[in-house]
Amino acid sequence: MAKPIDYRLAREKMVKKQLAPRGIKDPRVLEVMGKVHRDRFVEEALVGEAYNDHPLPIGHRQTISQPYIVALMTEALELKGEENTLEIGTGSGYQTAILAELSEKVYTIERVRPLLVKARNMLAELGYNNIMFKAFDGTLGWKEYEPYDAIMVTAGAPKIPQPLLDQLAEDGRLVIPVGNKFSQELIKVTRKKGNYVQENLGGCRFVDLVGVHGWKD
Ligand code: SAH
C-alpha cells in the first residue's frame with residue numbers, strides 16, 4: 001500500500017521553500033498558509049500535488065492558484081483581522097479560507113455556480129462561519145455590503161472594474177491581475193483621500209475574468 005501523505009509536513013515545506021525565500025514576510029500570512037488544508041480544495045486525483053509550486057485544474061476550465069501567488073496577493077491586502085473583505089472568483093474556495101482566517105468577514109462571488117456550491121460545502125465542513133457567498137458577475141462588485149477594506153480579484157482583467165474601485169473603502173486595498181488574456185501584471189490599488197494609488201507587484205498569469213467589466217464570454 002502507498003504511504004499516506006504527510007500534509008502537515010508538506011505545508012511546512014511549502015512555507016519554507018516556496019514562500020519565505022521569495023519574500024513573503026507577514027507572519028500572519030505565513031502562519032495561515034502553514035495551517036489551511038490546501039489538499040481539501042483540490043480534486044481527489046491531484047491531492048499528491050496539492051502543495052506543489054504550481055496551479056492545478058479544478059474543473060470548468062478553472063484553476064486553484066499557485067501557493068506563492070495566493071500568499072503574495074494576501075500579503076498585499078495587509079489584513080489585520082478586522083476587515084470586510086470582498087473576493088471575486090471563489091473557485092476552489094482555498095483563497096477564501098485564507099482570507100476568512102485573516103478578516104472579520106469575507107464576501108465571495110463566483111460566476112460558475114457548481115464551483116461556488118462545492119467551495120461553500122467544503123468551507124462549511126471546515127467550520128468557517130464568517131463567509132457570505134454569491135453566484136454572480138463579480139465585476140459588478142457586491143453593492144449591499146460596501147465599502148470593503150480589502151478586495152481581491154483572482155481572475156485576469158482587461159482593466160480594473162470601476163464598480164470595485166467605487167466599493168473600496170478609504171485606505172482600502174485592492175489586488176487584481178490586469179493585462180491581456182495571456183499575461184497580466186498584479187496591480188495593487190490603495191484608496192487614499194479619494195485618490196487611487198497604484199503599485200505593480202509583478203507579472204502573473206490567471207484565467208479570464210468574465211463579465212460586464214471584464215472579458216466577454
Ligand atoms: N481563488 C481561486 C481561483 C479560481 S480561478 C482558487 O484559488 O481556487 C478564478 C475564478 O474566477 C474561476 O473560478 C472563475 O469562474 C471565476 N470568475 C471569472 N470571472 C468572474 C466574475 N466576473 N465573477 C465571479 N467569478 C469569476
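1. The model is predicted: local features need pLDDT of at least 70, side-chain atom pairs count only at pLDDT 80 or more, and totals for chains, interfaces and linings use all residues. Residues are numbered from 1 along each chain as its sequence is written, and side-chain values use heavy atoms, with hydrogens and water left out.

2. M132. M132 is partly exposed, with a relative accessible area of 25%. Here buried means under 20% relative accessible area, exposed means over 50%, and partly exposed is in between (1.4 Å probe, protein chains only). M132 sits in strand β5 (residues 131-135). Helices (H or I, at least four residues) and strands (E, at least two) are DSSP runs, numbered from the N terminus. Leaving aside neighbours within four places in sequence, M132 is in contact with K105, V106, Y107, T108, W142 and Y145. Contact means heavy atoms within 4.5 Å. The C-alpha atoms of M132 and T108 are separated by 6.2 Å, although the two residues are 24 apart along the chain.

3. Ligand shell. There are 26 residues around the ligand, and S92, E110, D137, G138 and V210 come nearest. A residue is near a molecule or strand if one of its heavy atoms lies within 4 Å of it. Strands β2 (62-64), β3 (84-88) and β4 (105-110) each supply at least two residues of this shell. The largest share, three residues, comes from β2.

4. A backbone N or O atom of G138 lies 2.8 Å from a nitrogen atom of the ligand. For R111, a backbone N or O atom is 3.3 Å from a ligand nitrogen. T154 uses its side chain: an N or O atom there is 3.3 Å from a nitrogen atom of the ligand. Taken alone, the ligand exposes 580 Å², and the protein buries 99% of that. Areas come from the Shrake-Rupley method with a 1.4 Å probe; for residues, only the protein chains shown count as cover.

5. Helix α4. Which residues of α4 are buried? They are Y94, Q95, T96, A97, I98, L99, A100 and L102. Eight of the nine residues of this helix (residues 94-102) are buried, so α4 is largely enclosed by the rest of the structure.

6. Helix α1. The buried residues of α1 are A10, R11, M14, V15, Q18 and L19. Their cover includes α2, α3 (67-76) and α4. At the start of α1, a side-chain oxygen of D6 reaches to within 3.2 Å of the backbone nitrogen of R8.

7. R22. This residue lies in the loop between α1 (7-19) and α2. R22 counts as partly exposed because its relative accessibility is 37%. Not counting residues up to four places away in sequence, R22 touches D53, Q66 and Y68. With D53 there is a side-chain to side-chain polar contact of 2.5 Å. The C-alpha atoms of R22 and L72, 50 residues apart along the chain, are separated by 9.4 Å.

8. D39. Here the loop is the one between α2 (27-33) and β1 (56-59). D39 counts as buried because its relative accessibility is 8%. The side chains of D39 and Y51 are joined by a polar contact of 2.5 Å. Leaving aside neighbours within four places in sequence, D39 is in contact with Y7, R11, V47, A50 and Y51.

9. Backbone points to check. Most residues other than glycine have a negative phi, and most peptide bonds are trans. The peptide bond from E146 to P147 is cis, with omega near 0°. P147 is in the loop between β5 and β6 (148-153). D171 is not a glycine, yet has a positive phi of about 70°. D171 lies in strand β7 (residues 168-179) and is partly exposed at 42% relative accessibility. K193, also a residue other than glycine, has a positive phi near 45°. Its place is in the loop between β8 (184-192) and β9 (195-204). K193 is exposed, with a relative accessible area of 76%.

Notes:
A polar contact is a pair of N or O atoms within 3.5 Å; within protein, one must be able to donate a hydrogen and the other to accept it, and residues adjacent in sequence count only if both atoms are side-chain atoms.
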